[in-house]
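Student: Please take a close look at one part of this model, the aromatic rings. I would like to know how they are arranged.

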Amino acid sequence: MRSSAASDVYKRQMEVIEKVRGKYPQGMFILVDICHFTIITRDFGLTFRDVVLEEFSKMFLEVCAEDLSRPPVMIRAGSDELLAWIPKITEESCRQKLEKLKERFSVMIRRSALNLNFQAGIARGDESVTTTSLLRRVRIAVTEAEKQEIGVLSWNEVKDPGAQPKTFGKMAVSYTHLT
């Protein structure tokens, strides 16, 4: 069976994350899910949705790159999900950066027009943890964050490690990947 162009792009992007993890195995894996993204698409259209995603991605990379020796690697994982590897960062620093990002993102658009927010699952990685394992961990963590209605949830805080991981939404084939 032939794979779709979107899944081929995703596989190539994951290879980039694998390559960076091979060089810098310690860091944080993050899955960000932008809340109510389907409503943004429905009410404001695809072009506006893509602008929001692009601006969010820029903010993410700017905030996460501050004070770091190695920049993060980010890819689009689904319609409203972004996956990132931030080398050589502690969980505490990662949380601080995500909180700063949440503040910036929430005021990108006037709140009376659109309430922008996200939830994130995070997991610490090192040489002993595979990227596949980290991906499963952040997918479970973001699912639990959504259920608990909290902003950021670490794999260490997950109450049910055997829970069903989040399934990624459909990715637009025409979208340019973010790396």
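**The aromatic cluster**

Tutor: Phe56, Phe60, Phe105 and Phe118 make up one aromatic cluster. The model is predicted, so local features need pLDDT of at least 70, side-chain atom pairs count only at pLDDT 80 or more, and totals for chains, interfaces and linings use all residues. Residues are numbered from 1 along each chain as its sequence is written, and side-chain values use heavy atoms, with hydrogens and water left out.

A pair of aromatic rings is described by the distance of the centres and the angle of the planes. Rings of Phe, Tyr and Trp (its six-membered ring) pair if their centres lie within 6.5 Å; planes under 30 degrees apart count as stacked, over 60 as edge-to-face and the rest as tilted. By this rule there are 6 aromatic pairs. Phe56 and Phe60 are a tilted pair, because their ring centres are 6.5 Å apart and their planes stand at 40°. Both residues belong to helix 3 (residues 46–65), 4 residues apart, about one turn of the helix. Helices here are DSSP runs (H or I, at least four residues), numbered from the N terminus.

Phe56 also pairs with Phe105: the centres are 4.7 Å apart and the planes at 75°, so this pair is edge-to-face. This pair links distant parts of the chain, with Phe56 in helix 3 and Phe105 in helix 4 (residues 91–106), 49 residues apart. Phe56 and Phe105 are both buried, that is, under 20% relative accessible area (1.4 Å probe, protein chains only). Phe60 is buried as well.

Phe118, another member of the cluster, has Lys102 over its face, 4.3 Å from the ring centre. A charge sits over a ring if NZ of Lys or CZ of Arg is within 6 Å of the ring centre and within 35 degrees of the ring normal.

How values were computed. Helices (H or I, at least four residues) and strands (E, at least two) are DSSP runs, numbered from the N terminus. Buried means under 20% relative accessible area, exposed over 50%, partly exposed in between (1.4 Å probe, protein chains only).
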